[in-house]
Amino acid sequence: INFNEGLNIEQINRLDINDFKRYIYHLVSKRKVSTSFQNQAINAIKFYYEQVLGRKKIFVKIDRPRKELRLPKVLSKEEVKLIINQIDNIKHRCIISLIYSAGLRLSEVINIKIEDIHSNEGLIFVRGGKGNKDRTTLLANNILPLLRQYYLKHRPVKWLFEGLGKKQYSVKSV
């Protein structure tokens, strides 16, 4: 089978397990596609034969590629300071500073209540984080003056970051 020419529907319907394996090998060796593309191709083939054609499940021993683990690009402290210092809105500056310094997710930072900030201990209590788990994280000393300035300006009642009507700040607003 020449996979570069394309196949008509009758040829596709006659393909067997060995043809699938050769096609995946063709994708890897000749076209040099990503691991994500390889997995999509395997899943598409399985879906077509099992769901569209109604054939029994295909149990094929095809080694699925592992997703490459790549190190993220890490910004220097100076680059982070430059970014944060470009933010004029004190609420947004506090949010971004907390996300960065405490390792918070966006959903976690907007769920912080005033009582979750333990400035004397240098801790933030995070409720319902990833996996709906509670945890504590560090509150950086250099963030405290900014948080206090924000608090005095906005006077939040329940949530540390509140929007209109003193309701919880939304992800979209951030």
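Axes are lines fitted to C-alpha atoms, for helices over the stretch in contact, and angles between N-to-C directions run from 0 to 180 degrees. The structure is a predicted model, in which local features need pLDDT of at least 70 and side-chain atom pairs count only at pLDDT 80 or more, while totals for chains, interfaces and linings use all residues. Residues are numbered from 1 along each chain as its sequence is written, and side-chain values use heavy atoms, with hydrogens and water left out.

Helices (H or I, at least four residues) and strands (E, at least two) are DSSP runs numbered from the N terminus. The axes of helix H2 (residues 17-29) and H3 come within 10 Å, with a crossing angle of roughly 155°. H2 and H3 are therefore roughly antiparallel, a term for angles over 145 degrees. Their crossing is right-handed, meaning that the near helix is turned clockwise from the far one by less than a right angle. Helix H4 (residues 77-85) and helix H5 (residues 90-102) likewise have axes that come within 10 Å and cross at roughly 155°. H4 is thus roughly antiparallel to H5, and H4 passes H5 in a right-handed crossing.

An open sheet contains three strands in the order E1-E2-E3, with antiparallel pairing; two strands pair if DSSP finds at least two bridges between them. Strands E1 (117-118) and E3 (135-138) stand at the edges with a single partner strand each, so one side of each is left without a neighbour in the sheet. Strand E2 (residues 123-126) pairs with E3 in the antiparallel sense over four bridges. Ile 124 stands opposite Thr 137 in E3. In general, strands of a sheet pair through backbone hydrogen bonds.

Helix H3 (residues 35-52) also contains Phe 47.

Conventions. Parallel < 35°, antiparallel > 145°, perpendicular 65-115°, else oblique.
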